[in-house]
Amino acid sequence: MGGQKFQYDESGGTFFYFLLSFLALILIPTTYYYWPRKRKPDPEEESKECRCPGCVKKKMLLKSADSWRGPKNLFLKIFIIGGWLVLALLAYKVSQFDYEMANFDPFEILGISPTASQNEIKRAYRKLSVILHPDKETGNEKEFMKLSKAYQALTDEEAKKNWEKYGNPDGPGAMSFGIALPSWIVEKENSIWVLGLYALVFMVALPVVVGTWWYRSIRFSGDQVLLETTQVYYYFFHKTPNMPLKRVIMILSASPEFDRKHNSEIIERQSDNEEVPHLIKKLPNLSEKNKERPLCFGYSIKARAILHAHLSRIPLNPSTLEQDRRYIVAKCPYLIQEQVNCLNQLVFLAYARRIQRLPSIETIENCMKLSPMIVQGLWDFKSPLLQLPYINDENLKYFLHKKRPIKSLQEFAQLKAEERRNILRNLTTEEFEDVMKVLGRMPYIDFQVKCEVIDDENPTEVTAGAIVTVTVTLIRHDMSMLFGDQTVPEVQTITENGVEAEPKEAGGDAENENESVGKRPAWMKQKKGGSKKTTKRSNKQQSKVANNVVKPKPEESPVVEKAKPKEEKVKAKDDESEDSDVSDLEDTNDNADRSSEEEVKSGVEDDDQEWEKFQQKLHKREKVLEGRSKVSHTVHSPLFPNDKQEHWWTYICDRKSRTLLTAPYHVTDLIDKEECQLKFTAPIWTGVYTVTVCLRSDSYIGFNQQKDIKLDIKEAPAEITEHPQWEFEDSEEEGPAEDEAHESEYTTDEDFPEEDD
């Protein structure tokens with residue numbers, strides 16, 4: 001190998017093959033993915049679109065923001081078409097090489113017929129050789145070589161045999177290997193240029209590209225949020241575990257994304273020194289004199305004032321602050337999702353005893369509540385009916401009828417068409433149609449919850465320490481299904497301060513609810529004394545229930561006939577015993593047959609259920625590998641600068657201790673139906689516990705739901721040391737401390753006493 005000499009392509013034929021293959025590999029996928037496609041307008045979709053002034057203005061702004069898209073598409077088309085032209089030219093060049101090598105015909109080269117004699121062959125060769133000889137002025141070396149081979153193939157017997165057998169007078173060609181690059185690359189005269197090109201690509205361009213990518217990637221988290229922003233969120237949420245809504249807005253406006261030092265896209269103007277103070281005077285309770293850093297920085301106060309103006313729907317200067325509002329508002333959903341993630345991490349750090357302060361569920365829900373407020377440009381204390389087009393504070397009074405006031409979008413949708421038109425009688429026909437279009441496309445979620453212990457012997461029974469799996473099924477319908485006289489099942493909705501329409505237990509009063517706020521979190525550990533109280537109370541309740549049970553009336557006893565002799569009585573008893581024996585045998589045979597049939601049926605059903613579970617697991621794995629989509633349904637949000645898709649949060653919490661039990665699951669691809677699983681560990685002590693499964697929208701106000709689940713925790717069997725779903729093989733866990741061994745991880749319903757009826 002040391003003396004091997006590489007052969008380069010002298011004629012350039014194989015180099016064209018290399019270029020053709022390389023260009024085709026790049027050009028085909030580029031054309032498929034990057035060719036500009038103009039979406040054809042769908043008449044049905046256009047008919048469903050809202051034509052209110054806010055939506056029309058938003059479309060115009062989006063088109064103006066994409067003004068560069070036309071030149072970019074034109075450049076892409078020119079680039080792709082040019083690549084295909086080069087590919088066609090290379091293909092033609094390669095086909096010419098193949099044609100010359102595959103179509104060697106000596107009669108055609110000499111210009112004679114196949115029946116020509118030897119004299120005619122010699123005469124034709126002499127005539128053409130005079131013209132094509134390299135020494136002549138009209139000579140052509142390549143054509144002369146071809147002419148010589150053709151003459152040889154017709155005059156020499158061996159050459160003629162090779163041509164007839166192999167298509168070449170020289171015989172079969174020898175296989176040779178080489179490098180499909182032109183020889184001028186290794187020529188001494190061109191070495192400086194080749195080395196310069198290598199140095200420019202691999203020593204300058206490549207390190208600059210990699211360094212730029214690395215510098216940008218280390219500054220952002222996985223959701224493209226600055227790491228400095230995440231640190232700010234961790235600091236303030238750990239400092240203030242129970243944070244009100246306006247405080248959350250302050251933390252959001254202090255994000256470094258809105259600072260020119262951290263984000264070059266932020267524009268600072270001289271006019272801000274006049275416009276921002278003038279805007280602050282219009283906004284009460286802005287807390288602009290707060291001395292905390294970075295809450296007191298100029299960029300934070302400006303962003304806070306713009307967010308308050310957005311929520312109050314105060315018009316801003318189109319050329320200055322309105323542009324800043326569009327940029328800030330477009331960033332908020334991603335930042336709010338990062339706030340939720342930070343709070344979730346702090347909650348589980350508190351459970352792991354890494355930090356002492358546990359964020360309350362109100363703080364997490366205030367962050368979630370802020371997202372639809374910003375998307376709709378509406379405060380939480382305002383009516384959710386203001387999310388509809390053409391509805392403002394002036395015509396909102398028509399909804400507050402004395403007999404039946406309308407306070408929610410769901411109630412308005414369930415009215416008859418005449419009643420809805422009567423309420424909006426001040427609107428024109430076109431405006432009323434737009435209202436109905438928007439209302440009809442809003443979501444109505446069928447919220448279903450199923451609680452079980454997967455892979456356990458009895459999935460419906462929850463034992464102490466088991467891993468409880470709550471399967472949440474979301475089925476989305478359009479609100480148009482509620483139009484008319486159709487009824488809707490009642491759901492528990494979450495209000496701004498907690499729970500609305502939650503059925504209170506008998507004897508519950510406000511004092512007990514206030515006392516529950518001061519209780520320790522449900523997920524943190526409690527003394528065992530509470531469990532004793534629960535068992536005592538549960539025994540009392542069971543005894544009450546047992547006493548209240550109505551006993552069935554005994555059947556009338558037959559009259560004993562004393563007149564019958566003893567012998568007849570004995571005979572009757574013997575007959576009855578024989579009949580009873582026969583009937584018992586028949587019953588046992590029937591029961592055996594039935595039990596065998598039931599066992600077969602149950603076995604088949606178990607196999608079917610296991611197969612369905614296996615298929616569901618495969619489907620979920622495939623879905624995870626495919627990646628989660630973020631396309632669902634477009635939200636009607638004229639005040640939000642970009643197109644917004646419907647997303648949802650679902651989680652489990654304890655309402656009484658106001659703590660989070662599972663991480664909020666962000667549902668981003670709910671088109672028709674979506675299913676997710678929330679898992680948590682059951683408490684180690686027996687009793688009845690209540691947890692709440694919540695559903696929150698990040699796009700609409702007034703669409704939150706919740707459902708309560710009561711867990712009757714049973715004592716685990718003594719022979720079971722670990723649950724089947726726990727598969728920790730080499731884990732060595734230390735036993736609990738003496739003072740912790742008598743503590744519970746949950747708060748039972750009895751830990752919050754309520755008066756009996």
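This briefing walks through the fold, a helix packing, aromatic rings and a few loop residues of the chain above.

The model is predicted, so local features need pLDDT of at least 70 and side-chain atom pairs count only at pLDDT 80 or more, while totals for chains, interfaces and linings use all residues. Residues are numbered from 1 along each chain as its sequence is written, and side-chain values use heavy atoms, with hydrogens and water left out.

**The chain as a whole**

- The chain has 21 helices and 14 strands; these are DSSP runs numbered from the N terminus, with helices being H or I of at least four residues and strands being E of at least two.
- Of the 757 residues, 36% count as buried. Buried here means under 20% relative accessible area, exposed means over 50%, and partly exposed is in between, using a 1.4 Å probe and protein chains only.
- Take the contacts between residues at least 6 apart in sequence: 73% of them join residues at least 24 apart. A contact means heavy atoms within 4.5 Å.

- Helix α11 (residues 245-253) packs against helix α15 (residues 361-376) at an angle of about 75°, and the axes are 10 Å apart. Axes are lines fitted to C-alpha atoms, for helices over the stretch in contact, and angles run from 0 to 180 degrees between N-to-C directions.
- That makes α11 and α15 roughly perpendicular to each other. The scheme calls angles under 35 degrees roughly parallel, over 145 roughly antiparallel, 65 to 115 roughly perpendicular and the rest oblique.
- On the α11 side you'll find Leu 245, Val 248, Ile 249 and Leu 252, which meet Asn 366, Cys 367, Lys 369, Leu 370, Met 373 and Ile 374 of α15.
- Sorted by class, this α11 and α15 contact has 8 nonpolar, 1 polar and 1 charged residues. Nonpolar covers Ala, Val, Leu, Ile, Met, Phe, Trp, Tyr, Cys and Pro; charged covers Asp, Glu, Lys and Arg; polar covers the others, Gly among them.

**Rings and charges**

- A search of the whole structure turns up 12 aromatic pairs. Rings of Phe, Tyr and Trp (its six-membered ring) pair if their centres lie within 6.5 Å; planes under 30 degrees apart count as stacked, over 60 as edge-to-face and the rest as tilted.
- One of these is Trp 213 with Trp 214: the ring centres are 6.1 Å apart and the planes sit at 50°, so the pair is tilted.
- Tyr 235 and Phe 236 make an edge-to-face pair, 5.0 Å centre to centre with 80° between the planes.
- Trp 213 is exposed at 55% relative accessibility, whereas Phe 236 is buried at 1%.
- Arg 420 lies over the face of Phe 483, 4.5 Å from the ring centre, and Arg 421 lies over the face of Phe 432 at 4.7 Å. For a charge to sit over a ring, NZ of Lys or CZ of Arg must be within 6 Å of the ring centre and within 35 degrees of the ring normal.

- Lys 281 is in helix α12 and counts as exposed at 75% relative accessibility. Its C-alpha is 9.8 Å from that of Ala 305, 24 residues apart along the chain.
- Asn 285 sits in the loop between α12 and α13. Its phi is near 55°, a positive value in a residue other than glycine, and Asn 285 is exposed at 57% relative accessible area.
- Pro 294 lies in the loop between α12 (272-282) and α13 (298-311). The peptide bond leading from Arg 293 to Pro 294 is cis, with omega near 5°.

**Other spots to look at**

- Leu 474 lies in strand β4 (residues 467-478) and is buried at 1% relative accessibility.
- Leaving aside neighbours within four places in sequence, the contacts of Leu 474 include Ile 445, Phe 447, Val 667 and Leu 695. Leu 474 and Val 667 are 193 residues apart in sequence and 9.5 Å apart, C-alpha to C-alpha.
- Arg 658 is in the loop between β8 (648-654) and β9 (659-660), and has a positive phi of about 60° although it is not a glycine.
- Asp 393 is in the loop between α15 and α16 (409-413). Neighbours within four places aside, Asp 393 is in contact with Lys 382 and Leu 386.
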